[in-house]
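Colleague: Could you walk me through this one? I would like to start with the charged pairs and then move on to a helix and the core.

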Amino acid sequence: MSDAATLRLPWAVSAEPVGSPDAAALLRDYYTEVADRYFALHEDRRSTAAEIDEGLAEYPSADLAPPGGVLLVARYGGDVAGCAGVRLLDARTAELKQMFVRAAWRGRGGAGALLGAAETAAVRLGAERIRLDTRRDLVEAVALYRRHGFEEIEPYHDDPYAEIFFEKRLAGGR
């Protein structure tokens, strides 16, 4: 196989139980990254293991499971590389949660593959639109969502870490 072909290995995205070892490791990596970035910005430090444990407990992912949700795991050439969760907020509105691609696999199309799979999952759950929140310092995420057709909306909840809210109408929704 040529080097060029090796660089274009396909992304595979599939549903996986939140409690699986790969999913649990991805979710921990996700929380570690967003916490580290927050603490670096506001307190000039990294998060501690105890803070990550607290965050995982405060923001559980159990609702990213059927019948009202799903956790998607992305693999790149067989390597566990990213995740995205989708859960229903109501009968017509889904929410994107824990969107994450590990640093080693960024820039290879994984975020787009996860977003596409998340939108498909939301439609399968019956949603007409998908919403999300993020922080303004997560500039790569903000740019990604805008690039993929998400539009800024008014806040739909009051989590203290959510600073910017987005929504996208879904093709094929009810």
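Modeller: A salt bridge here is a side-chain nitrogen of Lys or Arg within 4 Å of a carboxyl oxygen of Asp or Glu. This is a predicted model, in which local features need pLDDT of at least 70 and side-chain atom pairs count only at pLDDT 80 or more, while totals for chains, interfaces and linings use all residues. Residues are numbered from 1 along each chain as its sequence is written, and side-chain values use heavy atoms, with hydrogens and water left out.

Colleague: How many salt bridges does the structure hold?

Modeller: The structure holds 19 salt bridges, among them one between Glu 43 and Arg 45, whose closest N and O atoms are 2.7 Å apart.

Colleague: Which residue does Asp 133 form a salt bridge with?

Modeller: Asp 133 pairs with Lys 97, with 3.7 Å between the closest N and O atoms. Asp 133 sits in strand β5 (residues 129–134) and Lys 97 in strand β4, so this pair ties together parts that are 36 residues apart in sequence. Helices (H or I, at least four residues) and strands (E, at least two) are DSSP runs, numbered from the N terminus. Lys 97 counts as buried, at 18% relative accessibility.

Colleague: What about Arg 136, which residue is its salt-bridge partner?

Modeller: That is Glu 152, and the closest N and O atoms are 3.8 Å apart. Arg 136 lies in the loop between β5 and α5 (139–147) and Glu 152 in strand β6 (residues 151–153), so to speak of distant parts of the chain, the pair links positions 16 residues apart. There is also a network in which salt bridges that share partners join Glu 33, Arg 37, Arg 106 and Glu 140.

Colleague: Changing topic, where does Arg 102 lie?

Modeller: Arg 102 is in the loop between β4 (93–101) and α4 (110–124), and at 18% relative accessibility this residue counts as buried. Its side chain makes a polar contact of 2.7 Å with that of Asp 29; such a contact is a pair of N or O atoms within 3.5 Å, where within protein one must be able to donate a hydrogen and the other to accept it, and residues adjacent in sequence count only if both atoms are side-chain atoms.

Colleague: Which residues of α4 are buried?

Modeller: They are Gly 110, Leu 114, Leu 115, Ala 118, Glu 119, Ala 121 and Ala 122. Seen down the axis of α4, the buried residues fall within an arc of 165 degrees, so they line one face of the helix, the arc being that of the directions from the helix axis to the C-beta atoms.

Colleague: Last one: which residues touch the most other members of the largest nonpolar core?

Modeller: Val 86, Leu 96, Met 99 and Tyr 145 do, in a core of 46 residues. A nonpolar core is a set of buried Ala, Val, Leu, Ile, Met, Phe, Trp, Tyr and Cys residues joined through side-chain atoms within 4.5 Å. The largest share of this core, eight residues, comes from α2.

Note on methods: Buried means under 20% relative accessible area, exposed over 50%, partly exposed in between (1.4 Å probe, protein chains only).
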